[in-house]
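Colleague: Could you take me closely through the surroundings of the ligand in this model? I would like one connected account that I can follow with the coordinates open.

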Amino acid sequence: MNNQLKRVALLTSGGDAPGMNAAIRAVVLAAHHSHIEVLGFLHGYNGLLDNDPTLLDLSCVNDIIRLGGTILKSARCPQFQTKTGLKQAANTLVKQHCDALIVIGGDGSFTGMLALKQYWPGQMIGIPGTIDNDIDGSDATIGFSTAVNTAINAIDKIRDTANAFERIFIVELMGRHSGHITFNVGVACAAEQVLSFENFSADNQEQKLEQLAQEINSLQQTRHNSYIMVIAENVWPGGATALARELKERFAIDSTACVLGHIQRGGSPDAKDRVIATKMGVAAVQALINNESDVMIAEQNSRICSVPLEQAIQHQKKVNPNLVAAHENILALTAQNQC
Ligand code: F6P
């Protein structure tokens with residue numbers, strides 16, 4: 001048990017995610033309960049360089065559980081990747097008498113924490129907050145569930161107009177370099193096709209284009225209905241817009257590209273994200289009290305645990321192969337039965 005713990009620095013970094021505010025609230029409430037002060041640094045790691053923190057008291061976190069975004073703001077911080085930036089950040093933490101640092105963010109943010117370790121000896125805890133859900137060691141990350149639901153709501157609406165016009169839509173989803181959002185949304189929206197890193201590589205672009213054109217043509221011959229393809233951002237060179245253009249130019253297939261973009265990052269967090277963020281925020285403070293450091297708070301099989309930060313950033317978490325297989329099986333069945 002760490003009785004020396006008096007002051008914790010807290011920041012959110014990288015792409016914001018719905019539920020980050022719920023995690024901030026939980027950290028502040030849990031810390032307050034144990035008579036620990038929380039200093040909030042604004043704009044991700046830039047806040048450590050600027051040295052202008054705010055003391056987060058209970059009034060700061062009142063009624064924020066339902067808000068999207070992050071009250072601490074977020075940013076990416078190239079300066080933090082330099083020796084000078086890291087030393088400056090370490091100086092701030094020393095000057096502000098911080099005993100520990102909690103960062104809510106993704107793998108880039110955790111890599112930053114490990115780099116800071118060379119210059120600052122305080123305790124460090126990561127909380128996985130990213131809509132991408134690509135952090136190894138945790139079944140879920142804060143924001144993923146809301147982002148998936150936001151995309152599902154949007155695509156359900158696209159489906160209405162697509163049905164009305166018997167039209168083809170190619171919807172591009174976020175996820176940086178992983179297909180967790182794309183596969184989950186694709187399956188949940190009964191998309192006619194899912195194109196993601198797990199089932200496509202740009203080396204087979206030509207072959208895939210022909211295959212897609214054939215599939216669209218044969219489906220349209222046998223039934224008059226809408227066709228929705230969801231594609232992960234960064235998977236097809238030029239994205240959904242380029243794919244729609246290529247289908248038109250090469251195969252005279254009309255389709256409409258729709259990039260959902262940052263709408264997936266915003267909005268009030270859903271129940272799942274509020275609950276997981278609250279559990280993780282409380283667990284982060286408890287981990288500090290238990291003298292843990294250099295770990296990420298994770299959820300595995302519905303249980304909160306901690307995973308070494310090194311392990312969390314080593315590999316990108318893979319999309320569950322069962323989900324990919326389920327999608328393939330459903331597509332095959334749909335093609336057979338035209339349902
Ligand atoms: O990591 C979250 C994320 O939204 C990714 O899905 C996306 O690739 C990226 O951030 C976009 O970042 P930015 O808003 O900085 O362009």
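Modeller: What follows is a description of the ligand site, with a short note on the sheet at the end. Please keep in mind that this is a predicted model. The ligand takes up the space of the largest pocket, and the residues around the ligand are Arg76, Thr130, Ile131, Asp132, Met174, Gly175, Arg176, Glu233, His262 and Arg265. Sorted by class, this shell comprises five charged, three polar and two nonpolar residues.

Glu233 places a polar side-chain atom 2.5 Å from an oxygen atom of the ligand, while for Arg76 a polar side-chain atom lies 2.9 Å from an oxygen atom of the ligand. In the case of Arg265, an N or O atom of the side chain is 2.8 Å from an oxygen atom of the ligand. Taken on its own, the ligand has 400 Å² of accessible area, of which the protein covers 76%.

As for the sheet, seven strands form an open arrangement with mixed pairing, in the order E3-E2-E1-E4-E5-E10-E11. Its edge strands, E3 (54-55) and E11 (303-308), each pair on one side only. Strand E10, residues 295-300, runs antiparallel to E11 and is joined to E11 by six bridges, and Ala298 stands opposite Cys305 in E11.

How values were computed
Residues are numbered from 1 along each chain as its sequence is written. This is a predicted model: local features need pLDDT of at least 70, side-chain atom pairs count only at pLDDT 80 or more; totals for chains, interfaces and linings use all residues. Side-chain values use heavy atoms; hydrogens and water are left out. A residue is near a molecule or strand if one of its heavy atoms lies within 4 Å of it. A polar contact is a pair of N or O atoms within 3.5 Å; within protein, one must be able to donate a hydrogen and the other to accept it, and residues adjacent in sequence count only if both atoms are side-chain atoms. Accessible areas come from the Shrake-Rupley method with a 1.4 Å probe; for residues, only the protein chains shown count as cover. On a 1 Å grid over the protein atoms alone, a cavity is a set of points where a 1.4 Å probe fits but cannot get out, and a pocket is an open set with protein on both sides within 12 Å along at least five of seven lines; lining residues have an atom within 4 Å of a point. A molecule sits in a cavity or pocket if more than half of its atoms lie within 2 Å of its grid points. Ala, Val, Leu, Ile, Met, Phe, Trp, Tyr, Cys and Pro count as nonpolar, Asp, Glu, Lys and Arg as charged, and the others, Gly among them, as polar. Two strands pair if DSSP finds at least two bridges between them. Helices (H or I, at least four residues) and strands (E, at least two) are DSSP runs, numbered from the N terminus.
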